[in-house]
Amino acid sequence: MTVLAPAPSDRLARFTADVEKAFPIIGRTVSAYVGELRNRPEYPAEAARLLDLADRLGGAVGLDADGVLDAFAEFCLTFLREQEEFLKTGEYRNAARGFEHVRAEVYDDDEYMTSYMVGHLLSCVVFPHHFEQFRFFQTRFVPALPGDANVFEFGQGHGLWLSECLAGHPARRGTGVDVSPTCVAMAGEMMKLRGIGPDRVSLSYGDAVRYDLGGMVYDGMIASGLLEHIEDPAAFLVRVRKNLRPGSGRLFTMVPTNTAHPDHLVLFRETDEIRRLFRDAGFAIVEERDLEQGTLGVERPAGAASRLHLAILASAGDKP
Amino acid sequence: MDPIHQTIQDIARRVFESPDLVLTDETTANDVDKWDSLTHITFIVEVEKRFGLKFRNAEIARLQCIGDLKRLVEKHQARPNRASA
């Protein structure tokens with residue numbers, strides 16, 4: 001008997017209905033976001049593909065269907081809790097405590113990181129700014145890499161971005177370094193799911209910010225959702241620029257402003273701060289997207305700070 | 001009115017800025033002005049502080065009505081080692 005896969009729009013409708021039923025407080029907003037995203041012709045198929053990946057990745061790391069849904073709720077509620085605190089204090093909760101504190105509280109917590117990463121993957125389906133970011137990455141960074149590209153991801157997390165560069169491009173190679181052991185294992189599962197063998201990708205545990213790139217030259221670097229998590233993003237950018245291929249090499253990043261998470265250390269209040277960071281480090285911004293963050297149904301008060309997320313495609317620039 | 005219900009109602013009146021708000025076990029976010037996802041968190045954080053509890057995020061997300069919240073408080077209060085505020 002042939003079993004037909006559900007049509008993309010069915011899969012998406014089922015997910016939206018599941019979220020709305022299980023989590024009423026965020027469900028209505030999620031449905032509204034999906035309604036908005038459906039206007040994009042590529043969305044249903046892409047969303048179904050990501051949902052399928054999230055389900056299979058969740059299964060690979062021990063989450064059943066309810067666990068995958070809970071992971072999404074965990075991601076949303078964690079953001080809301082942190083954001084509620086940030087709106088009162090004007091500072092990220094763990095900014096003064098530093099990286100080692102965050103490593104102990106967040107990155108070393110296997111249960112939390114499993115949930116956080118699967119939830120983040122699902123947010124790429126549902127949050128318009130995350131989906132936009134993903135599409136910018138898919139359509140502007142990935143295809144620009146040469147067929148035999150060497151790609152490095154600083155903090156690859158669940159592995160979606162790095163795997164997107166390698167899947168369907170058998171001559172490309174990738175390296176991911178992550179400070180969370182959970183993420184190293186999870187990204188390994190992602191690569192297996194996507195048919196990317198260990199001969200083509202190296203994933204290791206470590207501090208990606210301090211990782212010795214030696215004399216390697218990379219065609220692509222991914223530092224997305226990284227700069228706000230590290231203590232000295234300026235020094236990091238200066239250091240890694242030397243290893244980006246001059247001319248054609250591209251670094252992809254996305255950095256949020258005024259958006260709290262437990263492991264956010266550096267508060268960017270305006271997107272110009274981020275642009276300045278790149279230019280001061282010698283990068284040239286080739287292309288960018290300002291992505292308005294959804295508010296999970298909360299009306300933003302007048303005069304409230306921007307919550308733009310800035311996605312940047314940068315080259316190594318002309319400075320020696 | 002049981003004390004848990006009274007406490008939750010007092011908190012809700014303050015958080016949702018509705019001094020005459022009357023909650024029933026069936027009250028949902030749809031029934032109360034200004035109850036959105038962020039004020040929901042403010043409300044829950046206040047409930048946690050008042051009762052000296054800490055709920056899991058998935059528990060908070062799954063709440064459908066005030067009755068669910070009351071049962072959640074009772075469940076956590078019954079645990080031998082509950083988080084303190």
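Is His129(A) buried or exposed? I looked this up first. His129(A) is buried, because 23 other C-beta atoms lie within 10 Å (buried means 20 or more such atoms within 10 Å of the residue's own, exposed 12 or fewer, partly exposed in between, with C-beta atoms placed from the backbone).

I note that this is a predicted model, in which local features need pLDDT of at least 70, side-chain atom pairs count only at pLDDT 80 or more, and totals for chains, interfaces and linings use all residues. Residues are numbered from 1 along each chain as its sequence is written, and chains are lettered from A and ligands numbered from 1 in the order in which they are written.

I placed His129(A) in helix α7 (residues 128-141) of chain A (helices are DSSP runs of H or I, at least four residues, numbered from the N terminus). Its C-alpha atom is separated by 6.0 Å from that of Glu292(A), 163 residues apart along the chain.

Next I checked the core. The largest nonpolar core has 121 residues, and Ala54(A), Cys76(A) and Leu121(A) have the most contacts inside it (such a core is a set of buried Ala, Val, Leu, Ile, Met, Phe, Trp, Tyr and Cys residues joined through C-beta atoms within 7 Å). α4(A) gives the most to this core, with 11 residues.

I then listed partners of Leu121(A). Beyond neighbours within four places in sequence, Leu121(A) is in contact with residues including Leu50(A), His158(A) and Leu160(A) (contact means C-beta atoms, placed from the backbone, within 7 Å).

Last, I looked at the chain contact. Chain A puts in 19 residues and chain B 16 residues. α4(A) gives the most to the side of chain A that touches chain B, with 10 residues.

Methods:
Two residues are in contact if their C-beta atoms, placed from the backbone, lie within 7 Å. Helices (H or I, at least four residues) and strands (E, at least two) are DSSP runs, numbered from the N terminus.
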